[in-house]
Structures are given as structure tokens and as C-alpha cells.
Amino acid sequence: MQLPEKAEVVIIGGGVNGAGLAYSLANRGLSDVVILEKNYLTCGATGRCGAGIRQQWSTEANTRMAIESVKMFEGLSEELGHDIGLRQGGYLIIGHSDADAAQFKKNVAMQKSLGLGVSYLDPSEINGIVPILDAEGMGATCATWCPTDGHADPFHTTFAYAKAAERLGARIYRRTTVTGIDAPDGAVSKVRTDRGDIKARWVVNAAGCNSAEIAAMAGIDIPIKPYPKEIFATERLKPLFKPMVISFHDGIYFSQQEHGQVVGGISDPEAKPQWRAMPSLRFLKRMASTLTRYVPDFRHLKVLRQWTGFYDVTPDAQPILGEDEDVSGFMQCNGFSGHGFMISPSVTKALSEYILDGRASTLDMKALSKKRFVGELDREASVVG
Amino acid sequence: MRIEKHPILDFGRKKKVSFSYDGNPLEAFEGETIGSALHAAGIKELSHSLRFKRPRGFFCGIGKCSSCAMRVNGVPNVRTCIVNATEGMVVERQDGMGELPDAEFGDARYEILETGIAVVGGGPAGISAAIEAARQGAKVALIDENTMLGGQLIKQTHRFFGSKEHSAGIRGIKIAGEMFGELRAFEAKGLVQILSGATATGYYKDKRRRKEHLLGISKGNDFYELNADRVIIATGANENMLQFPNNDLPGVYGAGGVQTLMNVYGIRPGNRVLMVGAGNVGVIVSYQLLQAGIDVAAVVEAAPRIGAYHVHAAKLRRFGVPILTGHTVKKANGKGHVTGATLVKLDDNWKQVEGTETEVGCDTICLAVGLTPSCELLFQCGAKMKYYSEACGYVPLHDDEMMTTIPGVYVAGDASGIEEASTAIMEGRIAGLAAAKGLAEGRGGAIDNRIASIKEQLAMLREGPFGFHAACGKGKILNDMQSERGCASNDSCDPVPEFTHSRPQTYLFADSTQSKALRTRTAHEQKFAYPADRNTGGRA
Ligand SMILES: Cc1cc2nc3c(=O)[nH]c(=O)nc-3n(C[C@H](O)[C@H](O)[C@H](O)COP(=O)(O)OP(=O)(O)OC[C@H]3O[C@@H](n4cnc5c(N)ncnc54)[C@H](O)[C@@H]3O)c2cc1C
Ligand SMILES: Cc1cc2nc3c(=O)[nH]c(=O)nc-3n(C[C@H](O)[C@H](O)[C@H](O)COP(=O)(O)OP(=O)(O)OC[C@H]3O[C@@H](n4cnc5c(N)ncnc54)[C@H](O)[C@@H]3O)c2cc1C
Ligand code: FES
């Protein structure tokens, strides 16, 4: 397929965010949108992720954004005409210390003030939510529980967005790698690819862990580093539990998917930013020993496969969003760390608002500009994996 | 369903063992897999699929497709075609998804092993590699998922084709027998360690590994870290599936699966078989079915002409078996298991011609429609892979000593491109010798001479009309390997390889819901335990 000579918006990256943005724009009538994807849709972090959707955050801004996203996820299958596999089985967050308990209580109070149905639990209440958990083995001192959290199928979500966008006139070019960006006089003008060039009014950098590279093509420096993150899936079993169980302290998260497999990951305290995609035995051991401590019955569980994805990590684990201050027409949509799937509905809606209306009403993107890395940072505490 | 008298084979049945199937007592002969024993008792429906609850049976018979998963001694998702029936075993049909066993988790060992050369796959390629390397004095560990070594070779009762001199006229099973003898001798000397019933589940490059290469091996409840100086991947091939409605009905089998039942265990795959594919495999297996006293309804071939050697096809014709070229299977018929098939004519563009449907009565549909190299471990270890139609799929680039783009990782046999057993043996020998260089003491020159002479034999084998195609493919692979090495150095191309799964399940069926559960248990056990996790948030 021949690339068009020009397009109003060129989106670099065919993950959930690229596809979601193409849909949001096309849905509001801006259909001259092109997605350039170097491989295939979902080949980046999206197709490798845990696809958990959580509203329990420690900062008000993130909680709002997540609540808004869940509302949108709830209507997405119908809106897009394709089942995205949303299942709201809840998130159970395990705490392990008095400090956790104090922080959790604070979080729950703030989350409740925003209208979120969430509760603080004592260890004795954990088995009421997930009977197979071993509260003692986990070393749980407390937990928080939000039944409307859950997960969706990342492949179906992305394909649903992409198909709907294409129906509305957007075009998707797979196996097309962006190799350069022309931005003379501080404004984007053209995207170069291995299959020809496209003139563009807007260029969106939704290239996941390659976003720093893409930004550099336009002469922009953003502090994004790739962190390899391993994850595994087990054999399929009859439903055992519905929620996603996570612990920031142990760095573990796991849930049972609709088709029966338990999918989960664990962070590596020695992780360094690097391009290492090879799955490790170290991860498998760490995951096995922690998971069987959480759920002793899982010692019978067989691992089916393991793989690696990359988090695109900024110094404060928050995304970089919005029009770049130095190059006009260059939109950042990256730096999502381990939660770019769950917030994609609000993120892509906000970016489309900015492009169409000149300002985003869904979300305050000013706080998420790259400029914040110059001063003091406010870290999100509730991050996992 | 047992074959009592066979013109060539003696099944050497010995002791009987009793086991139960869904509460009913059944008998098997010692050394028989659960899947075969059930088949012998006429039980073809082994499980029901996860989503649509469709009946599922046996397909490949060699552990590759997961179609035979059942609950065994309370453990779900056991591939019953590669696990032997034993005294007192409790076998149950699995309806949809499995359930966790409630029994205590039995003994589980976590062991760290070391060897010179790890050979994955105990077919003709892997065994030959192990023998040659051991002959040079190298220490070898040979891993195969099946309880019986030999891969696809142990099923071949006919005399070999395709080879000008080597092994021509000798039956496959006899060649296998001779190889086993040699292998056992090296095992007795302590040079070869055989791990059968063990699956290589992943290739790792952990920092803490003790040698250049590390494989994860899962055997029963046990898990081994196998550290090796070199690795040879000889994992063979997967049998191809054909797309047609009801292709997942019990009674639709791969040709290798049919051969396993019939030639290894002496069990009738059915009473009347429709063969799909008139290449050498389809035609030879049809003839073997007739030898075993099983009716062959017809051989269907989509191409306009027969691919097999004329002599083989002529034998079938003498038995009055029709070979229908330009035809394919439109659908399989039956409820619960195959009772027939609808055939249809194809036009010059391979499109089905409406109105030309005919019905065939049969209880088995045997697919002999080619193989695809089993390359999961090679993808996963990062070897540069490329699609070659002559090789029948993606294979690793490799040099003429079978080394891939990963130094120290070799490939041999069908995993390096689909050919035949005699070439698999030659490639295995070359890989074994090449891998032994530097590991076996002071015989470098001798190794090179031996490699050179085997290369000559291999070239001769590929001279025949059937070897030609493969030889073209091998030529391309070699060329690509050379140019790859030429431009090497900073070639770490794509930082996110498309395949990072350690061993992805193979999708064979339209409703591919039955997963192959690898036996990597998450053992809650001392040796498995890792230092307490002190992660304080970190990056997320
Ligand atoms: C193991 C793991 C678990 C996770 N779990 C969760 C979770 O539970 N919940 C959650 O919300 N998030 C999770 N995440 C994070 C989430 O997956 C990501 O934040 C999200 O998918 C990012 O989507 P994206 O569209 O921004 O980027 P990606 O999906 O990474 O898409 C970027 C695309 O850009 C393409 N690209 C790159 N360079 C170029 C170029 N030069 N030219 C053209 N195309 C290019 C890539 O090929 C890729 O397809 C997890 C991530 C990982 C790795
Ligand atoms: C039905 C049929 C008929 C044939 N007829 C002929 C013939 O007449 N003449 C001829 O020359 N050739 C014939 N062939 C081809 C010949 O059998 C193969 O080319 C040859 O067996 C290939 O040898 P191999 O060692 O590469 O692989 P295989 O024989 O397939 O052996 C590979 C072994 O590796 C094991 N394995 C795979 N992955 C793993 C893992 N991860 N861990 C542990 N073990 C693993 C497998 O279980 C298997 O035992 C036939 C093949 C088939 C299927
Ligand atoms: S029939 Fe057992 S895995 Fe294929």
C-alpha cells in the first residue's frame, strides 16, 4: 500500500494509545489520520501487558483519570461494536506494614471523596474476597478492595479501536518504520519512513518504549528509558478467583483471565534500563516462590509460557502528554510505565480534544509536560511490577 | 483394537498393568502410553474443548499438539500421548478447563545439572548428534519429551527411500535399533546422560548461569537447570493441520500419530481410513495400514498429480485403493467421532467445485499434508530465523556445520528444514562433531576430516529428485548465513524480537483451546525458594 502524500495527523505507534487516539479523532470527524506501525498492531507493550485496569491510585489526578477511564471502558464494547473482553473482577491490593496501612487509609479516604466504591480491609477480611489467598503467607497487614477495577483484553481493545477508526476513514500502515521527522523552524512538517514520506500538520509520538528515539528525530530530548518486564501465563483452569491481586511491596501482580490462565508478573529489584527481551529463569523462580507463598494451591499449577515486554519509564513513572513546548505540532503520548493500558481511554480522549479544540477538558495535561523534569518531582506511590 | 498379527512387526508385549478410566478398569501393556492404551480399548474421545465443549482426541501422538490432554492421577492437562500408563493410575476425561489437584504436591526436585553438549530432541538427528559427540569424548545430555526415544524414526516400518546408498533398503525401525545400541553403550560409559520424558521448556541466559548456555528442563514434578557449553536443537517438526469443518473430531489424526498407534504400539487407529495427501508419507502410511489389515477408503490429493514415488503409488493401486487427485476434504462428518467425510473436486485454481461433493464412509481421517519445523526454542534463544518455502517454514540460518547465528547453538534434522530421516542423521552427526570441537581433547583434525566425509555423503543423499528441493533450500540458508556473518557485529537488529515466548503452545485447531501445559511446576519447595523479596516500589 502506497503511503499518502500528506495527512492532518500522523500517529507513530499502533499500540492501544495510537489506535485509541486515531479512533477518538476520527469519531469526532477528523478522519485524515494515519497510524504508522513498524511491525503489527499490539506488538509493543500493549500485546505483552497484564491489561489490568485499576482506579486505586495515591494521587488525586491519577485517581480521577482512572475513574474516568473505567467509565469509558464500560461503554467501549458497545461503542466500538467489538467485544473488548472487559471483566470487572476487582483489584485487591495487599499491604505488608504499618506504613502501608497508614498510606492505604489515606488513599481510601481520598478515593472515596472522588466517589469511588473502595474499602479498607483487615487481614481477616481478605479471604472473604479471594478464598485461595494465604493471608499469613503473604504477610498481609491490610488490604484495599475496589470491586469495579478489572481487566480487558489488550488485543481486542486495540483491534476494536483500529477497526472502528478505519471504518471512520483513518488509515493504518503496518510494517512501516518511522526513520526521521522534519521539524524546521520549530514546527513539524514531515515524517520519514522506510516506505516514503508523509507531510503532516500533527505528529503524535505514541511509540511506547521507542518514544525517546522518535522524539530525538525531531530534536527533542525526553527522559524515557526501557525497562524489561517479565510476565508469565499458566495452564488454563476452571475459575478460581476473579480479582487482580497486587502488592507494591513484593512487586507482584496476578489474575486469572477469562479463559482460565493465571497471568502475572513480578518486579526485579535489580532491574536496569536495557533492551533485553530474553525471558529469564531468575524471573520464573522469583515468581514461582512468591506466587506459591500467596496461593499455596498454585504449587500444582503449570507454567505455559513467559515473555518480556518493556515499560517506557519516566523519572516519576508518570506519562508525558500533550504538545511539545519546543516543537509545535509534535504531540507526546508516552512514558506510561506499567499503566498505559488502563488510562488509555482518558489519555486518547484528552489528546484528541487538544488537537480538535485547542485544549483538553478531560484532563489537565500541563502537569504532564516534559518541563516537569526540570524541578522537584512528585512520585506516584502506587506502582507495581 | 489391537493388531495381533503383523507381517513385519512383533510388538513384544510383556506385562500388563491395570489402570482406571473414568472409574472403569482397563488394561495396558507396560510401556504403552495412556493415549494408546485408551485407543486400544476403543476410547477416542479424550477431552472436551474449553470454549465450545467439542470432543477432542489424539492427533500428533508425539507431544506437540495438546489435543490429548486429560486428568491423570488428579493432575489436569496431561498430554496422554507421551505419558505411560502405569499400575493403579487414575485417568479421567477432562471436560473443558482443568481443576487443581487437591492432593499434596509430591516429591519435587530442583536440580542443577552440567554437561558439555545438551541435545534437545531424541529423534534420528538428536541421537546421531549425541553418538558422534560422545564418540569424540564429549559429555552429552540428550533430552526428549517422549518416554521412548527415536522421534518419528521408530515408526517407519518400510524400507528407506531417498538415499542412494546409505540406509537404502533398510527399514527405519532397524536403523533406530542400531542407533539405540550405540547410544546405550555410550550411556553405560557415562558419556551420555539420557533424560527421557523430559521437556526442554526454555533457553535462558541468566547472569548466574554456570556455563554459556542454560536450558530449563521439566520432567514430571522435577525441574532441572541444565548448564551446557553447547546446545544442539533437534526438535523435529509439527504435523500440519488442514482447515475444514470438524477437523477437530476424534478420528482426525496426523500421519505420524497413526504410525505411532499402528507401528509402535500395534493398535488399529481405526477400521477404515481416509488418507489425505498423496506424497510419500501419505502413500507409504496407506500401504502400512493395508499391511496391518486396515481398510483404506481412498487417498485424496489436492494437487493434480501424485507426489509420491511411483513404486509406492503402484502398490496401493494394486490393492484397489483409489487415489483421487484434484480433490480435497470439504468436511469431516460425525458426532463425537468421525463417521465419514465429504470430498470435493478442486478446479485449476484450487477452488472447490460446487456440486462435485461425494461422501466417503470412514472412521479415521489421516492427514499427511506436510510438516512444519519445530523452532520454538530457536526463536526464543534469539537465533536469526527466516522463512524458506523449501524448508517448509521458519528455520534458523545456519552454516555448513549446523551452527546458528548464536555461537554454540546448533540445529539439526527437521528443525533445520523438513527433509527425511537419512539427512537428519547426517546433519545430526555433523552438528554433534562440530559441537564437540574444543570440548573433546586434542582430536580437532580428526573431527574436521570426519565432518568433511559426512558432508560428502549428505550432498550425495540430496542428489536424488526429492533431495533436490531441500538442497536448494539449504543453499539459500547457507548463503544467507554467510551474508549475515559478513555484516555481523552490531546486528542486534530489533530490540524486541517478535517471539519471546519460551515455548509457545502450538495452535493446531480452529478452536484452539486446549493448551499444552508444560510441566514447569511452581514448586513451593526449599530449593525453589528465592531470597526474600525486598523490592521497595522501585520502577513500575
Ligand atoms: C509486562 C507488562 C505488564 C503490564 N501490565 C499492565 C497492566 O496491568 N495495566 C496497564 O494499564 N498497563 C500495563 N502495562 C503497560 C502497558 O502495556 C503500556 O503502558 C501500554 O500498552 C502502552 O501502549 P502504547 O500504545 O503507548 O505503546 P505500545 O503498545 O508499546 O505501542 C508502541 C508502538 O510503537 C511502535 N513503534 C516504535 N517505534 C516505531 C517506529 N520507529 N516506527 C513505527 N512504529 C514504531 C511499536 O512497534 C509499538 O507497536 C504493562 C506492560 C508490560 C510490559
Ligand atoms: C508420518 C511420517 C512418515 C515419514 N516417513 C519417512 C520415510 O519413509 N523416510 C524418511 O527418510 N523420512 C520419513 N519421515 C521423515 C523423518 O521421520 C524425519 O525427517 C526425521 O524423523 C526427522 O528427525 P529429527 O530427529 O529431526 O526429528 P524427530 O524425529 O521429529 O524427533 C524430534 C524429537 O524431539 C522431541 N522434542 C521436540 N521438542 C522437544 C523439547 N522441547 N523437549 C524435549 N524433546 C523435544 C520430539 O518429541 C521428538 O521425539 C517421515 C515423517 C513422518 C511424520
Ligand atoms: S496427541 Fe498428544 S500432544 Fe498431540
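Residues are numbered from 1 along each chain as its sequence is written, and chains are lettered from A and ligands numbered from 1 in the order in which they are written. In this predicted model, local features need pLDDT of at least 70 and side-chain atom pairs count only at pLDDT 80 or more, whereas totals for chains, interfaces and linings use all residues; side-chain values use heavy atoms, with hydrogens and water left out.

Chain A comprises domain 1 (6-49 + 154-222 + 316-374) and domain 2 (91-146 + 225-313), with bounds that come from an automatic or database domain assignment. The centres of these two domains of chain A, taken over C-alpha atoms, are separated by 30 Å, and their contact (heavy atoms within 4.5 Å) takes 13 residues from domain 1 and 11 residues from domain 2. Between them about 910 Å² is buried, 58% of which is given by carbon and sulfur atoms; buried area is the accessible area (1.4 Å probe) that two parts lose on being put together, summed over both. Of the area that domain 1 of chain A buries against domain 2 of chain A, 56% is supplied by Arg48(A), Cys209(A) and Ser337(A), more than any other three residues. The count of salt bridges between the two domains of chain A is zero, a salt bridge being a side-chain nitrogen of Lys or Arg within 4 Å of a carboxyl oxygen of Asp or Glu.

Chain B is divided into domain 1 (16-92), domain 2 (110-238 + 372-486) and domain 3 (244-371 + 508-535). The C-alpha centres of domain 1 and domain 2 of chain B lie 30 Å apart, and the contact draws eight residues from domain 1 and 13 residues from domain 2. These two domains of chain B bury about 730 Å² between them, with 37% of it on carbon and sulfur atoms; Ile62(B), Lys64(B) and Ile82(B) account for 71% of the area that domain 1 of chain B buries against domain 2 of chain B, more than any other three residues. One salt bridge is found across this interface of chain B.

Around ligand 1 there are 40 residues (one heavy atom within 4 Å), of which Glu37(A), Thr46(A), Gly52(A), Val178(A) and Met342(A) come nearest. An oxygen atom of ligand 1 lies 3.0 Å from a side-chain N or O atom of Asn17(A), and a backbone N or O atom of Phe341(A) is 3.0 Å from an oxygen atom of ligand 1.

Technical notes
A polar contact is a pair of N or O atoms within 3.5 Å; within protein, one must be able to donate a hydrogen and the other to accept it, and residues adjacent in sequence count only if both atoms are side-chain atoms.
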